[in-house]
Amino acid sequence: MLTVIKGGRVIDPGNLDDILDVVIEDGNIVEIKQDALAGNESKETKIIDASGKIVAPGLIDMHVHLRDPGYEYKETIETGSRAAAFGGFTAVCCMPNTNPVNDCRQVTEYILKKAVKADIVRVYPIAAISEGLKGDNLCEYGELKDAGAIALSDDGNPVMNSQLMRRALEYSSGFNLPVISHCEDFDLVSDGAMNEGAVATKMGLSGIPNAAESIMVLRDIALCELTGVPVHIAHVSTKESVRAIRDAKKRGVPVTAETAPHYFSLTDASIKDYNTNSKMNPPLRTEQDIEAICQGLVDGTIDVIATDHAPHSLIEKAVEFDRAANGIIGLETAVPLGLKLVEAGIIDITDLIEKMSKNPARILGLKIGLEIGKTADITIIDPEISYCIDANRFQSLSRNTPFDGWDVKGRAVLTMVGGKVVYQDN
Amino acid sequence: MELSRKDILDMESLSVDEITLILDTADKMREISERPIKKVPTLRGKTVVLFFYEPSTRTRTSFDIAAKRLSADSLSLSASTSSMVKGETLIDTGRNLEAMNPDVIVIRHTSAGAPHLLAKMLKSPVINAGDGMHAHPTQSLLDLMTVRENKGQISGIRIAIIGDISHSRVARSNSIGFTKMGADVVLAGPPTMIPKGIETLGVSVTHNMEEAICDADVIMMLRIQKERQQHFLFPSEREYSKIYGLTNAKLKKAKDDVLIMHPGPINRGVEIAYDVADGPYSIILDQVTNGVAVRMALLYLVTGGKRHADGD
């Protein structure tokens with residue numbers, strides 16, 4: 001059976017941008033052209049009307065926490081997959097800080113098995129850099145690669161030991177496993193609970209200086225130069241990190257970087273009244289940092305927008321601010337928040353798709369895109385629809401978002417994985 | 001005039017009129033403590049819960065005495081005697097307390113914002129008796145009362161607060177409280193103890209002790225905590241005391257009618273010399289006395305009191 005996505009603005013960054021039809025057969029893209037149906041109308045064909053909408057290669061969130069195994073009350077692979085589909089993502093990469101930690105074949109295989117069973121979006125497990133995320137020993141990268149791990153990260157924890165980080169980069173390169181670095185200097189963070197500055201001072205909370213992030217970004221850039229092995233910097237939140245990465249890229253250092261929607265949407269002022277749904281790590285920063293992040297998105301310093309989807313229940317969030325868990329959910333708000341940047345004229349829609357699909361695919365070595373012969377992972381976005389974000393409608397098990405009640409414009413209206421519609425807005 | 005708010009959480013949320021009302025009420029309450037029979041029936045039948053998650057002697061005793069002088073029933077709960085050691089959350093503890101119909105909940109907590117969380121969840125009035133490094137409004141109010149009593153006014157006076165500003169809720173609440181009431185606040189201490197952006201509270205900052213002292217009408221010394229040495233905030237008590245400790249020699253640069261305050265507990269010989277703490281300029285014990293009066297005023301006002309206590 002044929003499926004035709006008809007009359008949408010088909011955007012494949014650097015390749016296509018036109019009003020076209022996309023024809024899908026047996027899960028693959030078989031044709032992309034104008035009036036694909038001409039002369040073929042007699043065939044049994046499923047038509048998806050995409051007029052006025054954007055047809056994009058499937059969005060990839062390369063930084064999520066699915067909490068499964070171990071914290072299934074916050075999220076499972078199934079609910080997280082459904083949240084991804086709802087948000088317009090056809091693939092997610094899940095971080096290893098589960099319980100047990102994804103630092104061995106068994107856990108990687110468990111995640112993949114659960115993902116197949118859920119059968120919603122593609123789930124790519126990211127395995128740990130160090131055993132138990134403890135920063136003492138390397139994990140068995142050969143085994144992990146063989147089991148299906150797509151990348152390595154100790155996300156949630158920094159790799160404080162520079163020698164271990166150096167060896168992790170070198171050793172991982174033998175298996176083509178990209179390394180994703182969570183940059184945080186524990187000593188500088190100390191007991192910090194939010195961004196250091198006037199807001200923290202006024203609220204009586206210990207501050208986390210920007211340098212706690214950028215000092216490790218600079219270290220990882222140095223290790224990247226030393227080893228020649230690419231490093232991907234996770235969740236960039238500060239202007240100093242953006243500057244460091246920009247300078248490194250200019251020198252030809254193979255560093256890439258991501259930021260999350262909250263780092264260009266909110267400042268530390270949103271913690272007012274001790275709102276634990278604005279608590280994350282790295283913390284929300286200032287207007288100057290937002291400006292630098294946006295500039296980094298514009299000039300290509302920041303390659304990727306990933307959500308750092310971090311589900312937590314009320315048990316972790318309805319508590320004293322300094323005791324609350326870090327993180328917010330992001331899968332179901334990323335597209336409208338990204339579209340705000342487009343609406344504001346900071347980046348265009350093509351840039352947004354590039355940073356949410358093309359670039360993460362490139363960094364992870366995934367072969368996807370809106371091209372004939374490729375698998376039909378496709379996201380259809382309605383950029384015009386205005387609505388109010390309602391966390392109660394989320395597919396995620398958790399509700400920890402500071403964006404509940406925000407008036408936004410645009411969202412994914414259809415998500416297709418391998419030719420199968422896994423989410424459709426009614 | 002009546003206090004129209006449910007809770008006393010921080011100095012930021014109180015208006016000048018509200019602060020003035022509290023201080024005026026406290027002035028009247030003070031007299032009760034000077035009577036041979038130190039008790040009025042004003043809050044008879046009211047229950048005041050003193051929920052102290054963080055250890056405290058002075059503040060808890062002060063609230064306890066204040067409640068008793070107004071004939072309220074008070075009971076103390078500490079972290080070790082509450083279910084919090086069994087893993088109960090603050091909200092659950094609060095809801096359980098509320099189910100027993102208290103009239104006021106006084107809370108001290110190690111976490112900034114904990115009283116705000118509790119106040120949002122509960123119908124009972126909540127009084128913040130100190131939350132982390134954030135606020136200590138009843139201390140600030142008693143300090144304002146003490147300065148007003150001794151100087152006749154707060155507006156126009158210059159107060160120097162000296163010590164570990166970073167970790168001090170007293171410094172924060174007094175910076176806001178004194179500035180709001182028209183005083184000039186100067187904060188002093190080593191650069192490691194001055195938090196980023198504190199000037200946004202409308203205060204000035206110096207690292208020079210002499211500069212802080214010389215024009216001050218009031219000098220408030222803060223307790224230095226030895227544990228902070230581990231966080232590299234200062235090298236030794238010896239050096240701290242030499243440079244930032246208040247001694248009679250340093251006081252020679254101060255005004256003739258300067259007043260010395262300290263929120264306690266004091267480290268004699270560290271931030272304040274023995275003879276300065278007991279010296280002629282010290283009003284440290286007046287602060288403690290006024291603490292009871294301020295807390296009586298607050299208990300009275302948050303439970304809906306508007307007539308003078310002695311009219312009952």
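## Model and conventions

This is a predicted model, in which local features need pLDDT of at least 70 and side-chain atom pairs count only at pLDDT 80 or more, while totals for chains, interfaces and linings use all residues. Residues are numbered from 1 along each chain as its sequence is written, and chains are lettered from A and ligands numbered from 1 in the order in which they are written.

Helices (H or I, at least four residues) and strands (E, at least two) are DSSP runs, numbered from the N terminus.

## Helix α1 of chain B

The buried residues of α1(B) are Ile19(B), Ile22(B), Leu23(B), Thr25(B), Ala26(B), Met29(B) and Ile32(B). A residue is buried if 20 or more other C-beta atoms lie within 10 Å of its own, exposed if 12 or fewer, and partly exposed in between, with C-beta atoms placed from the backbone. The cover over these buried residues includes α2 (58-69), α5 (137-151), α6 and α11 (284-302) of chain B.

## Packing of α2 and α11 in chain B

Two of the covering helices, α2(B) and α11(B), have axes that come within 8 Å and cross at roughly 55 degrees. That makes α2(B) oblique to α11(B). Axes are lines fitted to C-alpha atoms, for helices over the stretch in contact, and angles run from 0 to 180 degrees between N-to-C directions. Angles under 35 degrees count as roughly parallel, over 145 as roughly antiparallel, 65 to 115 as roughly perpendicular and the rest as oblique. The crossing of α2(B) and α11(B) is right-handed (near helix turned clockwise from the far one by less than a right angle; anticlockwise is left-handed).

On α2(B) the contact is made by Arg58(B), Ser62(B), Phe63(B), Ile65(B), Ala66(B), Ala67(B) and Arg69(B), and on α11(B) by Val288(B), Gly291(B), Val292(B), Arg295(B), Met296(B) and Leu299(B). Two residues are in contact if their C-beta atoms, placed from the backbone, lie within 7 Å. By class, this contact has eight nonpolar, two polar and three charged residues. Ala, Val, Leu, Ile, Met, Phe, Trp, Tyr, Cys and Pro count as nonpolar, Asp, Glu, Lys and Arg as charged, and the others, Gly among them, as polar.

## Contact between the chains

Chain B gives 22 residues to the contact and chain A gives 17 residues. On the chain B side, the elements that give two or more residues are α3 (90-98), α4 (114-121) and α6 (169-180). Of these, α4(B) gives the most, with three residues. The side of chain B that touches chain A has ten nonpolar, eight polar and four charged residues.

## Helices α4 and α7 of chain A

Helix α4 (residues 162-173) and helix α7 (residues 211-227) of chain A pack at an angle of about 45 degrees, with their axes 10 Å apart. That makes α4(A) oblique to α7(A), and their crossing is right-handed. The contact is made by Ser162(A), Met165(A), Arg166(A), Leu169(A) and Glu170(A) of α4(A) and by Arg219(A), Asp220(A), Leu223(A), Leu226(A) and Thr227(A) of α7(A). These residues divide into four nonpolar, two polar and four charged.

The 17 residues of α7(A) should span 24 Å, and the end C-alpha atoms are 24 Å apart, which agrees. Among the buried residues of α7(A) are Arg219(A), Asp220(A), Leu223(A) and Thr227(A). Gly228(A), whose phi is positive, near 75 degrees, follows α7(A).

## Loops of chain A

His235(A) lies in the loop between β13 (231-233) and α8 (239-250) and is buried, with 24 other C-beta atoms within 10 Å. His235(A) and His63(A) are 172 residues apart in sequence and 8.6 Å apart in space, C-alpha to C-alpha. Not counting residues up to four places away in sequence, His235(A) touches His63(A), Glu258(A), Thr259(A), Ala260(A), Pro282(A) and Asp308(A). Pro282(A), in the loop between α9 (261-265) and α10 (287-299), is joined to Asn281(A) by a cis peptide bond with omega near 0 degrees.

Most residues other than glycine have a negative phi, and most peptide bonds are trans. Arg67(A), in the loop between β6 (59-64) and α1 (77-87), has a positive phi of about 65 degrees and is buried, with 27 other C-beta atoms within 10 Å. Asn176(A) has a phi near 55 degrees but is exposed, with 9 other C-beta atoms within 10 Å.

Notes. The expected span of a helix is 1.5 Å times one less than its number of residues.
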